[in-house]
Amino acid sequence: EHSSFGQQLAQQAQAQEATVREVAAEIQALGAAASRADFLNLAQRYAGDQERLQALVGLARPVLDYQFFQDLTMQIGQAPDAERAKLEDLRESLLELTQQVDQQTQMALEEAVQLLQVLIDAPDPAPLIAENLPFFDEAFLSVLQSNLEAAQQRGNIEISAKLRTIYEQVMSALRDNMSPELKAINGLMAAESEDAARQL
């Protein structure tokens with residue numbers, strides 16, 4: 001934090017966070033009924049601004065689907081010559097960024113599968129769970145949940161029992177390591193009634 005390079009990195013991180021917050025606010029302003037056309041307009045406004053485009057793809061990746069790129073390609077075909085190159089560059093940037101996000105997602109899922117297999121193979125997963133808390137993210141919980149459901153559907157009692165135990169141990173470890181604020185919120189959400197929540 002005292003080196004000039006470290007300070008430069010900290011400033012970059014702060015600038016990136018501010019950009020993500022701005023883009024998130026603009027997405028939220030579109031409302032729940034936002035269409036592909038709204039996101040396409042937003043992307044066009046960000047054309048040439050790689051950081052905002054990156055934030056848009058990170059926050060709204062599911063919207064940038066095959067139909068989105070078809071609509072963008074149609075706009076490119078209808079655009080005047082002066083605007084066409086800019087829109088083509090936008091399409092290339094968006095394709096590259098979505099590919100990067102998809103690769104990161106795939107890698108995260110593969111790592112989650114490997115970690116889950118290690119926990120299944122362990123005679124006692126509890127110590128491993130305590131050592132690997134930072135890795136129990138949304139991707140891991142999604143993989144664990146889908147494997148648990150698949151084992152139950154197949155009627156594999158032994159594996160489903162093991163996965164259920166791992167799930168409970170992971171959730172317990174995550175709850176124990178929550179910040180006081182999150183513990184308070186979870187306590188309120190778990191309250192049996194509105195009166196009990198008010199008392200808490």
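Helix 1 (4-30), helix 2 (36-45) and helix 5 are among the elements that cover the buried residues of helix 3, where contact means heavy atoms within 4.5 Å. Those buried residues are Leu 53, Ala 55, Leu 56, Val 57 and Ala 60, all from helix 3 (residues 50-60). Buried here stands for under 20% relative accessible area, exposed for over 50%, and partly exposed for what falls in between (1.4 Å probe, protein chains only). Helices (H or I, at least four residues) are DSSP runs numbered from the N terminus, as are strands (E, at least two). The model is a predicted one, so to speak of local features takes pLDDT of at least 70 and side-chain atom pairs count only at pLDDT 80 or more, while totals for chains, interfaces and linings use all residues. Residues are numbered from 1 along each chain as its sequence is written, and side-chain values use heavy atoms, with hydrogens and water left out.

Helix 5 turns up again in a helix pair. Helix 5 (residues 81-121) packs against helix 8 (residues 157-176) at an angle of about 110 degrees, the axes being 10 Å apart. That makes the two roughly perpendicular, a label for angles of 65 to 115 degrees (under 35 is roughly parallel, over 145 roughly antiparallel, the rest oblique). The axes are lines fitted to C-alpha atoms, for helices over the stretch in contact, and the angles run from 0 to 180 degrees between N-to-C directions. Leu 116, Leu 119 and Ile 120 of helix 5 make the contact with Lys 162, Leu 163 and Ile 166 of helix 8.

Now for the charged pairs. A salt bridge puts a side-chain nitrogen of Lys or Arg within 4 Å of a carboxyl oxygen of Asp or Glu, and the count comes to eight. One of them joins Glu 22 to Arg 52, with the closest N and O atoms 2.2 Å apart. This pair links distant parts of the chain, since Glu 22 sits in helix 1 and Arg 52 in helix 3, 30 residues apart. Glu 22 is partly exposed at 38% relative accessible area, and Arg 52 is partly exposed at 23%.

Arg 84 and Asp 81 pair at 3.4 Å between the closest N and O atoms; both lie in helix 5, three residues apart, about one turn. Glu 194 and Arg 198 meet at 2.9 Å, N to O, and both belong to helix 10, four residues apart.
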